Amino acid sequence: MRTIVTILVMILLVQTTKAQELIFETTTGEIVTKSKFIDPFRKKTYNNITPYILKQTTNESLQNGDSYTINCLKYRNWENDPGDVHIIQVLHQGKEVLKLNKVDGWRYINKEPDGGITKTKFYYSIDLDKNTKVLIFVGIYIQSLPPYISMIVLKSGKATLVFNKPCYINEIKKQGNKIDFILRKNTLEYVNSSTPVNQPILKTLTMENGRMYFK
């Protein structure tokens, strides 16, 4: 009987592993990204958008005592165009380790779900483990398209973009050290105020024990 139970548990573990995939790997302390989880930013050159306007600067401390400075900046002369911020700059010990430039920009997240997660005006901040932190930014809403969710991992004095895909944050579930972001890939259309025409396409992004899984 014990043998049968053990086999069933092993089968369940294998099935669970196959159903989810790591968003990034860690090799000798280095973050190894996967291109399937990172869509490229749309690129376009504009004039008279510098010097950028600083909208928020924050310090992010890891549990191991390491710290980073996060600057969120907006294009100048961009009052009526999309995006609350367009530049994300990450500094470590005063040195720039990452700079993202997004024409469409990212937005304030005050209307996004909380789920008991630490939030600044522009991003979620989550400790993956004592040596690793992830920052989650939400892009703008354009017409009926889902916004881009951008995730940056802070680790070993570096900052790495590990995720940039279009989806809505449908819900956040937190239980102990496990956090689930329930993401919706499609826009719902409604017959009336309460009856959707189509069904939601949901994915789960799980953060647990220093890792991030997608399924």
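This short talk walks through the aromatic pairs, the charges over rings and the nonpolar cores of a predicted model.

A word on the basis: residues are numbered from 1 along each chain as its sequence is written, and side-chain values use heavy atoms, with hydrogens and water left out. Because the model is predicted, local features need pLDDT of at least 70 and side-chain atom pairs count only at pLDDT 80 or more, while totals for chains, interfaces and linings use all residues.

Let me begin with the rings. A search of the whole structure gives 12 aromatic pairs, where rings of Phe, Tyr and Trp (its six-membered ring) pair if their centres lie within 6.5 Å, and planes under 30 degrees apart count as stacked, over 60 as edge-to-face and the rest as tilted. One of these is the stacked pair of Tyr-108 and Phe-122, 4.6 Å centre to centre with 25° between the planes. This pair joins distant parts of the chain, since Tyr-108 is in the loop between β7 (95-106) and β8 (118-119) and Phe-122 is in the loop between β8 and β9 (123-129), 14 residues apart; strands here are DSSP runs of E, at least two residues, numbered from the N terminus. Tyr-108 is partly exposed at 29% relative accessible area, whereas Phe-122 is buried at 0%, and for these words buried means under 20%, exposed over 50% and partly exposed in between, with a 1.4 Å probe and protein chains only.

Tyr-124 and Phe-181, in turn, form an edge-to-face pair, 5.5 Å centre to centre and 85° between the planes. Here Tyr-124 is in strand β9 and Phe-181 in strand β14 (residues 178-184), 57 residues apart. Tyr-124 is buried at 0% relative accessibility, and Phe-181 is likewise buried at 0%.

Next, the charges: the charged end of Arg-184 sits over the ring of Tyr-168, 4.5 Å from its centre, and Lys-102 lies over the face of Trp-106, 5.9 Å from the ring centre. The criterion is that NZ of Lys or CZ of Arg is within 6 Å of the ring centre and within 35 degrees of the ring normal. Trp-106 also belongs to one aromatic cluster with Phe-41, Tyr-123 and Phe-137.

Finally, which residues of the largest nonpolar core touch the most other members? Of its 27 residues, they are Phe-163, Phe-181, Leu-205, Met-207 and Met-212, a nonpolar core being a set of buried Ala, Val, Leu, Ile, Met, Phe, Trp, Tyr and Cys residues joined through side-chain atoms within 4.5 Å. A second, separate core of 19 residues includes Leu-62, Cys-72, Leu-98 and Phe-122.

Note on methods. Helices (H or I, at least four residues) and strands (E, at least two) are DSSP runs, numbered from the N terminus.
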